Amino acid sequence: MPALKRAAVAIALVETGDAHDSTALLLTLRAAGLRAHRGQWALPGGRCDEGDTPVMAALRELHEELGLELGTGDVLGLLDDYPTRSGYLITPVVVWAAKGAVISPNPEEVASVHRIGLHDIEHTEAFDFTAIPESTRRVIRFRHAGQFIHAPTAALIYQFREVLAGRHTRVAELEQPVFAWK
């Protein structure tokens, strides 16, 4: 089996200005013109270039996709690597965007940007698990805006929720739907 290619995503936290839930994470809907995973929900991110650390790649991709220029001092930590069926090992990098950070999506990569309040990921019904005949592993889904968001994005957001709650939950064994295996 070939080695997995390194990739990184940013779980970018921003202030919402909402008294009910003052912090949100940024989720994107990928542009329709992209070669891979077009029209899918995703955290900002992409491949690690030669010599990149996951932090470097996540910060670069966050800037390329959303115009957010953050530095290593804005990194809060890393979550567990997630191996995908399409041949990547994704490292989630949790970052804090300072108050007033301007988000300027790149229309070639991002169709829309969504702020997901942390209270939205904490609800017990926010995530569910289902089975598929192609795998013995559980498929995780995150409900947002009347749609399902699947792994790897759902798995990474789920682990982030678990970390916030003080639970040590691993997600590498959570399955992706078959359409994401390519």
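In this predicted model, the largest nonpolar core holds 30 residues, and Leu25, Ile121, Phe142 and Phe160 are the ones that touch the most other members. At least two residues of this core come from each of β1 (5–15), β2 (23–30), β7 (88–96), α2 (118–122), β10 and α3. The most is given by α3, with 6 residues.

**Cores**
- Another core, of 19 residues, lies apart from the largest one and includes Val14, Val55, Leu68 and Val110.
- Beyond its neighbours within four places in sequence, Phe160 is in contact with Ile11, Leu13, Leu25, Leu79, Val94, Leu118 and Ile121.

**The sheet of β9, β10 and β11**
- Three strands form an open sheet in the order β9-β10-β11, and their pairing is antiparallel.
- The edges are taken by β9 (127–132) and β11 (147–150); each has a single partner strand, so one side of each is left without a neighbour in the sheet.
- On average, neighbouring strands of this sheet are turned by 45° against each other, direction ignored.
- The antiparallel pairing of β9 with β10 (residues 135–144) extends over 5 bridges.
- Ser135, in β10, is the bridge partner of Ile132.

**The helix across the sheet**
- Helix α3 (residues 153–164) lies across β9, β10 and β11.
- The direction of α3 runs at about 75° to β10.

Terms used: Residues are numbered from 1 along each chain as its sequence is written. This is a predicted model: local features need pLDDT of at least 70, side-chain atom pairs count only at pLDDT 80 or more; totals for chains, interfaces and linings use all residues. Side-chain values use heavy atoms; hydrogens and water are left out. Two strands pair if DSSP finds at least two bridges between them. Helices (H or I, at least four residues) and strands (E, at least two) are DSSP runs, numbered from the N terminus. Axes are lines fitted to C-alpha atoms, for helices over the stretch in contact, and angles run from 0 to 180 degrees between N-to-C directions. Contact means heavy atoms within 4.5 Å. A nonpolar core is a set of buried Ala, Val, Leu, Ile, Met, Phe, Trp, Tyr and Cys residues joined through side-chain atoms within 4.5 Å. Buried means under 20% relative accessible area, exposed over 50%, partly exposed in between (1.4 Å probe, protein chains only).
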